[in-house]
Amino acid sequence: MYHLVITELVVPIAVALLVTVVKSRLYTGILSVLASITSLITSLILYVNVVYSGPQRIELLSNWLVIPGIKPVGISFIIDPLSTLVGILLCSLSTIILIYSIGYLSDEYYDSRRYWFLMLIFITSMLIVVNTDNFILLFIGWEGVSICSYLLIGYYYGDEKEYWIGGPPSKAPLHPPSYCSFRTLITVGSADSLMLVGILTLVVLTGSPYYEDLESIKSLVSSGLPVWSVLTPLILFLTGPLAKSAQFPLHTWLPYAMAGPTPVSALLHSATMVKAGVYLIIRLLPELVGISEGVSEVSIIFTLLAVVGVLSMIDGAVNAGRAIELKKVLAYSTISQIGYMFLILGIAGLTETITNGIAASLYHMISHAVFKSVLFLIAGILIHLSGTIYLTRMEFPLKNRNNLILFLITLISCLNLLGIPPLIGFWSKEFIIEIIHFKELYIPLSVIITTTFLTAFYVTRMIVFIFLSHKIPYKLHDTHGMSKLMLYPVISLVITMVYLGIIGHQFKHSLIDILTIAGEEIEYISTNPLITLLTISLTILGVILALIRYELKFIYLISPTNIANLISCVVNYLIRSVLRLSTSLTEEITLLIYSVGGSIVRRVEKVFNLLEYTLNTTTRYVGLVIFRYISILFRIINYADMDSFLTLYLITLAMILTYVLIMYNLHLLIMG
């Protein structure tokens, strides 16, 4: 397994360096795909070895970093079912997305070697995060993910007008890719700085950088260490995962991250950036629960995770129903879906259902990664063919055969997002609902059911705008330019998605068995048919209301056949009959319901508009302060005023290290 781990990590780095000197666009793409396939094969072999031989700890280099008073740090990795499963997910989706990228970048005038280099480093950094067993190596991979995402979001560094996002120009401001990447760097980078302070403090308190030694904090508290000195670094540490996974209120960077190439968005949303935060909480959940058993105040962290998950679910779903840019709709949808994972992890910590919570969160992570990859890759094709990023300007009538294929792929992916049985999206969402209902947590359950309704509404709205809400005469699209290298990877993912749905129930039980924590009694929870019926009913209601709101013409689904004409006649006849039988009382009631409902909707939109404005303003001012500080540094360097530069640098360093030193002295005082 030693050589397999080296192969999994080193091959993408070696190929990343190689593609920088290869001039052919095709060859750089092929080499990158082969590197990803190699990592995928090694991940599969590692998983098989874990199943038959059990988890193992692989140390590539011992005593890599030696600090007095701290346990020596080695370049070591933990190979267990969790890391290998996420590794397989990462490498398989990366391979599909890189194949898609060959077709996507075929007509780019930018030098694609930079793209392939960054994508491979992006994948390797995430593999380090997934496999490492200590905080020091974790932070190296963590920052690798952040830097690569920053550079890939700003891939179109020339800021050409066609790559700006926002708008439309007459209604909202437009932002260039350089602004969007900088905004991402400021938001995520600030949270990562707080996370680093938390990591250093925890390492000083425990005397070890390894995950497995984190629970030793309990003995320090029992020896007299104040609870706040443990709780503070843990909360600081959690800001990193919350920002990386774009959770409320640190989610404002993700819609702007859509300025990068679509394959970057697909990889960022499916298996790397936003999944890194969820994965880290999953990995550390047993240790955090262990600490909370000895220090009850630490359970506030799980409450925080659950509250953040709830707010993210609602905020993301509401904003997805307001956005008119296709990729922004999908970005807000990701914020909402990641909220499910944080909610169930928080509940798992509070109720100590560790295995079920980890399995449910991981299941939804896998499910979301697959169908969101398809949605983003299809979005790239739709934007490429239509020449616009706006839903309201896209026209893909179903009379065109290629448009019908795109519609069917989008529909299957959206049905997964809605949680329609028997697709995998249903099983993963149902697993979360089962646990929450079993624990009789009715407030989170009601939030999930409400979010299900909102999800159905914005998904239907998106489909209607793109494929169905067109007026006669149709304007047929020229779809001959659609690359097969962009379409075939998407079709393969759709097939995988359908297959996973077929085995969804068995897959759930397999995950529970594989991820069982030693010594924990597992409760196999059965589905409550009434809750399932309620969620599906609200999903259907959301679809119907969206169809009514955006005036879908049902006839266009299957026209111009005779069957369609017959359905049109029947529908028109039923409408006329209903109108004829309507009384004035019915009209008054309908008007009242419409008025009250419209008032509620307007108030909700107003609240979320104000909330988004506040968050954006806060982010902007924080960004300006940091940007001004960085500008001062660069100005000092430019003037060769090294005395001023060193003074400012040392003041900054002192601010970060003072807190750590206080904790270290307190630790020495308690330990005698």
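1. Ser39 is a residue of helix H2, which runs over residues 25-53. The model in which this residue is placed is a predicted one, and in it Ser39 is buried, with a relative accessible area of 1%. Setting aside residues up to four places away in sequence, Ser39 touches Glu8, Pro12, Cys91 and Leu127.

2. One of those partners, Pro12, has its place in helix H1, residues 2-19. Pro12 counts as buried, at 1% relative accessibility, and when its neighbours within four places are left aside, its contacts are Thr7, Ala35, Ser39, Leu120 and Thr124. The C-alpha atom of Pro12 is separated by 9.4 Å from that of Leu31, a residue 19 places away along the chain.

3. How many disulfides does the structure have? The count is 0, taking a disulfide as a pair of cysteine sulfur atoms within 2.5 Å.

4. For the chain as a whole, there are 23 helices and 4 strands. Of its 672 residues, 54% count as buried. Among the contacts between residues at least 6 apart in sequence, 82% join residues at least 24 apart.

5. In soluble globular proteins, nonpolar side chains tend to be buried together. Here the largest nonpolar core has 191 residues, and Leu254 and Phe467 are those with the most contacts inside it. Helix H14, residues 354-386, gives the most to this core, with 21 residues. As for Phe467, leaving aside its neighbours within four places in sequence, this residue is in contact with Leu382, Phe396, Pro397, Leu398, Asn403, Leu406, Phe407 and Thr410.

6. Is helix H10 largely enclosed by the rest of the structure or largely exposed, and on what grounds? Helix H10 covers residues 262-270, and because 9 of its 9 residues are buried, the helix is largely enclosed by the rest of the structure. Its buried residues are Thr262, Pro263, Val264, Ser265, Ala266, Leu267, Leu268, His269 and Ser270, and the cut-off behind this reading is a relative accessible area under 20%.

7. Rolling a probe the size of a water molecule over the atoms shows where empty space is left. The structure holds 5 cavities of 30 Å³ or more, and about 80 Å³ of space lies in the largest cavity. The residues lining that cavity are Leu418, Gly419, Ile420, Phe426, Lys429, Glu430, Ile433, Thr452, Thr535, Ile536 and Thr539.

8. Which helices supply at least two residues each of the lining of the largest cavity? They are helix H16, residues 424-438, and helix H20, residues 529-549, and the largest share, 4 residues, comes from H16. Sorted by class, the lining has 5 nonpolar, 4 polar and 2 charged residues.

9. Two cis peptide bonds deserve a look in the model. The bond from Phe248 to Pro249 is cis, with omega near 0°, and Pro249 is found in the loop between helix H8 (228-244) and helix H9 (253-256). The bond from Pro421 to Pro422 is also cis, with omega near 5°, and Pro422 has its place in the loop between helix H15 (401-418) and H16.

10. The loop between H8 and H9 also holds Ala246, which has a positive phi of about 55° although it is not a glycine. Ala246 counts as buried, at 0% relative accessibility. Asn63, in strand E1 (residues 56-65), has a phi near 50°, again a positive value in a residue other than glycine, but Asn63 is partly exposed, with a relative accessible area of 49%.

Technical notes:
Residues are numbered from 1 along each chain as its sequence is written. This is a predicted model: local features need pLDDT of at least 70, side-chain atom pairs count only at pLDDT 80 or more; totals for chains, interfaces and linings use all residues. Side-chain values use heavy atoms; hydrogens and water are left out. A nonpolar core is a set of buried Ala, Val, Leu, Ile, Met, Phe, Trp, Tyr and Cys residues joined through side-chain atoms within 4.5 Å. Buried means under 20% relative accessible area, exposed over 50%, partly exposed in between (1.4 Å probe, protein chains only). Contact means heavy atoms within 4.5 Å. On a 1 Å grid over the protein atoms alone, a cavity is a set of points where a 1.4 Å probe fits but cannot get out, and a pocket is an open set with protein on both sides within 12 Å along at least five of seven lines; lining residues have an atom within 4 Å of a point. Grid points are joined across faces, edges and corners, and a volume is the space filled by probe spheres set on the points. Ala, Val, Leu, Ile, Met, Phe, Trp, Tyr, Cys and Pro count as nonpolar, Asp, Glu, Lys and Arg as charged, and the others, Gly among them, as polar.
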